[in-house]
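Subject: Structure for your review

Dear colleague,

Please find the structure below, handed over for your study. My findings follow it, and I would be grateful if you read them with the structure open.

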Amino acid sequence: MQGGGVSGFQNAPVTRAIVLASGLLSIVFSANRRARALGLSYQDIVKNFRVWRIFASGFAFQSTPELMFGLYLLYYFRVFERQIGSNKYSVFSLFTITVSFLLEILSLVLLKDTNYISALASGPYGLIFASFIPFFLDIPVTSRFRVFGVNFSDKSFIYLAGLQLLLSSWKRSFIPGICGLIAGSLYRLNVLGIRRMKLPPIIAAFFTRFFASPSGSSSRPSRSLVGNMPSHTGRAVQNQPSTGFAPLVEPPESSIALLVSMGFDSNAARQALVRAGNDINVATNILLEAQSH
């Protein structure tokens, strides 16, 4: 990634821990030729209650395509951890994973006497598809384009990756994906006041201590994202026209500080806020899109 925007897992230790757990477990089960044995089933979960399968099925993917798309989406959605902080993102992750798991168990119980499905796909589907709720509602579209007469936006690839993962195993992956969307909606609706809850500081400190990116990565000098934005944006801030146009409003320091706390370069944050009309959500998306080019 280029530019002064935050890269890697900086300021996203919880996401890093989840990605590492998912990737390592997927590789271990695949190497032992046991990946296909994963997946939630009524027999293993309700009747035999195999705890190891519950944990493994919650993180390990069963196939390489699912692993690739799943880890890509988890990595992309790290922006939400930077927006709300690692503590609240831990609550979001635990809530959505737990609620999605319970809904999956309920679906298996309801379908146990039918031949519709015998097992569900494994992997952190609940967390991934729950993240599509804030992605849809909070991340604005900043650009649109057409390909062969079809309209796309800068968010289209994420939706396509999600659709690929949702349908990767058809019924086996479709149900966990829908359960994740429901879990994300319940969090959004602040059921049981979940959005106000926080974990004990010691838990957040654990993730920060063992899964935070090396501090040296944040101290390296970085180039401004202005180079990745249209050139007139940078010039507009430095040399505002004296006549013909109203002067641009200088971004408030509190907004710049918020973006910097998410790991972005201060100059890049200032330029993005100017371009976004001081809208934090739009500025965040601009910074993320710039760093991916």
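A helix, as the word is used here, is a DSSP run of H or I with at least four residues, and helices are numbered from the N terminus. Helix H10 is where Ile178 is found. Please note that the model is predicted.

Is Ile178 buried, partly exposed or exposed? Its relative accessibility is 31%.

Helix H9 (156-166) and helix H10 (171-188) are the elements that give two or more residues to the patch. The most comes from H10, with 3 residues.

Helix H10 has buried residues as well: Ser173, Ile175, Pro176, Gly177, Cys179, Gly180, Ala183, Gly184 and Tyr187. Their cover includes helix H6 (86-111), strand S2 (119-120), helix H7 (125-130), helix H8 (132-138) and H9.

The length of H10 can be checked. Its 18 residues should span 26 Å at 1.5 Å a residue, and the end C-alpha atoms are 26 Å apart, so the two values agree. Just after H10, Asn190 has a positive phi of about 60 degrees.

Helix H15 (residues 266-275) has the buried residues Ala268, Ala269, Gln271, Ala272, Leu273 and Val274. Gly277 follows H15 and has a positive phi, near 65 degrees.

Yours sincerely

Methods: Residues are numbered from 1 along each chain as its sequence is written. This is a predicted model: local features need pLDDT of at least 70, side-chain atom pairs count only at pLDDT 80 or more; totals for chains, interfaces and linings use all residues. Side-chain values use heavy atoms; hydrogens and water are left out. Buried means under 20% relative accessible area, exposed over 50%, partly exposed in between (1.4 Å probe, protein chains only). The expected span of a helix is 1.5 Å times one less than its number of residues. Contact means heavy atoms within 4.5 Å.
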